[in-house]
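Please open the structure in the viewer and keep the sequence beside it.

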Amino acid sequence: MIVFWIDMSLFDILLFLIFVLSSVLWLRSRRPASYPPGPTPLPIIGNLHNVAKKDFMQAIRDLRQNYGDIISLSLGSYWVVFVNGSENLRELFVKHANETSDRPPLFIFKLVKNKGVIASSGPNWKHQRTFALSKLRDFGFGKRSFESSILEEIENFLNLFESFKGKSFDLPGIIRTSLSNNVMSITVGRRFQYDDPKFRYFVNLLDEVNNTAALSGALNFIPILEKLPGDPFGAKRILEVANEFFDNFFGEELKEHRETLDENNIRDFIDAYLVQMKTVEPSNEYYTDEQLLSVIADLFGAGTETSATTIEWAFVYLMNDMDIQIKMRQEIDDIVGTGRLPTMSDKHNLPYCEAVVIETFRLGNVVPFSLPHNASEDIYFKGYIIPKNAVIMPCLDSVAHDENLFPDSHSFKPDRFLDENGKICGQDKILSFSLGRRVCLGESLARMEVFHTLQLCPKVRNFLPPEGESPPPVKGQLGVTYSPEVSKLRAISLT
Ligand code: HEM
């Protein structure tokens with residue numbers, strides 16, 4: 001009898017504990033009435049099941065249909081607020097810039113140890129961003145003087161196209177090497193040969209990292225997944241790759257630069273940073289080796305993948321519409337002639353080519369959810385509270401596909417950026433480089449790279465799908481960037 005009583009008690013206690021735990025989990029998972037709306041979170045998993053879908057982009061579009069422009073989801077340890085619509089984005093990231101310009105402590109930012117430009121916040125971010133922008137400008141970012149270097153790089157890969165003799169080839173590897181050379185020539189002061197084994201190795205590593213869903217997925221919101229045995233989410237591998245970049249690639253460049261530094265002859269960004277380090281106290285935490293390595297990693301990572309994917313998209317669109325290639329070529333031949341290459345100063349006289357570039361930035365929209373921001377305070381916005389420490393996701397996708405701004409938004413139509421006089425119009429409506437204080441730091445370089453690539457390539461080659469194949473589908477996959485599924489093509493010489 002006594003035994004029975006004890007059993008019952010333990011059972012009761014267990015039941016009671018389960019009840020308390022479930023209530024706590026349920027209460028914790030409930031969305032406070034003042035937060036932006038969203039589907040009801042479940043205990044423990046919150047809203048993970050609402051977004052852990054094959055097509056994340058479509059999942060967010062569907063949630064917007066049901067809950068409106070500002071949605072909150074309980075994902076792992078965070079409230080994540082998705083902000084849609086051009087006006088809302090402008091208001092939140094420009095008017096509320098003081099509360100929305102930090103980064104949250106997510107896995108993706110741990111790769112650069114929360115240092116450098118992309119991952120840092122507060123005073124450190126201001127130091128790194130201001131210094132990087134000013135020195136990158138000194139070394140040619142957005143300047144005509146840097147143009148010849150970009151053009152040289154494009155000519156190199158056009159020559160490489162020649163070696164395939166009209167056979168199909170994979171575009172991504174070539175385009176990534178070429179574009180990372182633009183960043184390399186400013187940061188480490190030299191370009192690398194396409195077949196340089198060390199450089200290829202690191203460009204491939206970057207590709208490997210970008211292709212793992214771990215960076216954009218659940219690992220960010222549920223830190224405990226990082227500790228699971230067997231590395232099912234690829235966290236350990238990614239951290240290994242990041243360390244390899246820091247220690248072996250950029251680390252060696254830094255060592256070499258330090259040994260050969262001549263303060264009267266600043267060769268590149270690393271030299272400029274080393275000189276800056278000498279001007280501050282040794283205890284200064286903003287200008288250190290780690291910060292420098294993180295900034296270079298930022299520029300290499302952000303500056304290669306985004307522009308390269310944008311150019312891949314451009315080739316997909318061009319292969320799907322030969323008329324666009326013909327119209328671009330016609331415009332360049334009429335304005336620039338055949339005796340020289342087009343330059344940025346020709347841009348205003350080449351409105352159709354420029355419209356193709358702008359439409360590529362819009363529809364390619366390679367970073368459709370920008371990068372996560374952090375709410376550093378409770379933010380009162382559109383009748384809701386975005387709670388302190390919420391992760392804010394700027395849904396740039398909602399702008400690229402705003403049917404009011406861009407009717408038939410899923411089609412590639414450069415003419416939408418030309419007015420009745422054939423002049424460029426409406427380009428300020430696109431937000432593919434994000435906005436506010438964190439707006440892309442490499443926008444001017446990216447614009448130059450894409451403009452030149454899209455003028456030179458169709459000028460001298462026809463771009464076609466592999467023999468016997470239809471043009472690739474205008475369909476993408478979301479990893480760190482939103483990239484086309486197929487990227488094989490043939491480059492047929494026009495001469
Ligand atoms: C088509 C090309 C590109 C696109 C579409 C693009 C887009 C973006 C976007 C959406 C962000 C996030 C802004 C935010 O946090 O809200 C960003 C940040 C950034 N981008 Fe780009 N980007 C491109 C090319 C480049 C290039 C060429 C570089 C450098 C060489 C670069 C360097 C950066 C850096 C350093 C940041 C972090 C800025 C900060 O946190 O303050 N990007 N970019």
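Select the iron atom of the ligand and Cys-440. The SG atom of Cys-440 is the single donor from the protein to this iron, 2.3 Å away. Donors are N, O and S atoms within 2.8 Å of the metal (3.2 Å for Na, K and Ca); water is not among the atoms, so sites may look incomplete. The model is a predicted one, in which local features need pLDDT of at least 70 and side-chain atom pairs count only at pLDDT 80 or more, while totals for chains, interfaces and linings use all residues. Residues are numbered from 1 along each chain as its sequence is written, and side-chain values use heavy atoms, with hydrogens and water left out.

Now show the loop that holds Cys-440, between helix H16 (397-400) and helix H17 (443-460). Helices (H or I, at least four residues) and strands (E, at least two) are DSSP runs, numbered from the N terminus. Asp-408 also lies in the loop between H16 and H17. Its phi is near 55°, a positive value in a residue other than glycine. Most residues other than glycine have a negative phi. With 36% relative accessibility, Asp-408 counts as partly exposed; buried means under 20% relative accessible area, exposed over 50%, and partly exposed in between (1.4 Å probe, protein chains only).

Next, select Ser-370, in the loop between H15 and strand E4 (373-374). Ser-370 is not a glycine, yet has a positive phi of about 50°. Is Ser-370 buried or exposed? At 14% relative accessibility, Ser-370 counts as buried.

Proceed to helix H13 (residues 289-320) and helix H15 (residues 351-364), whose axes come within 9 Å and cross at roughly 105°. Axes are lines fitted to C-alpha atoms, for helices over the stretch in contact, and angles run from 0 to 180 degrees between N-to-C directions. H13 and H15 are therefore roughly perpendicular (65 to 115 degrees) to each other. Thr-310, Trp-313, Ala-314 and Tyr-317 of H13 meet Thr-360, Phe-361, Leu-363 and Gly-364 of H15, where contact means heavy atoms within 4.5 Å.

Finally, select Phe-161, Phe-245, Phe-249, Phe-250 and Phe-300, which have the most contacts inside the largest nonpolar core, a set of 123 residues. Such a core consists of buried Ala, Val, Leu, Ile, Met, Phe, Trp, Tyr and Cys residues joined through side-chain atoms within 4.5 Å. H13 provides the largest share of this core, 16 residues. A second, separate core of 18 residues includes Ile-70, Val-81, Ala-375 and Leu-396.

Conventions:
Angles under 35 degrees count as roughly parallel, over 145 as roughly antiparallel, 65 to 115 as roughly perpendicular and the rest as oblique.
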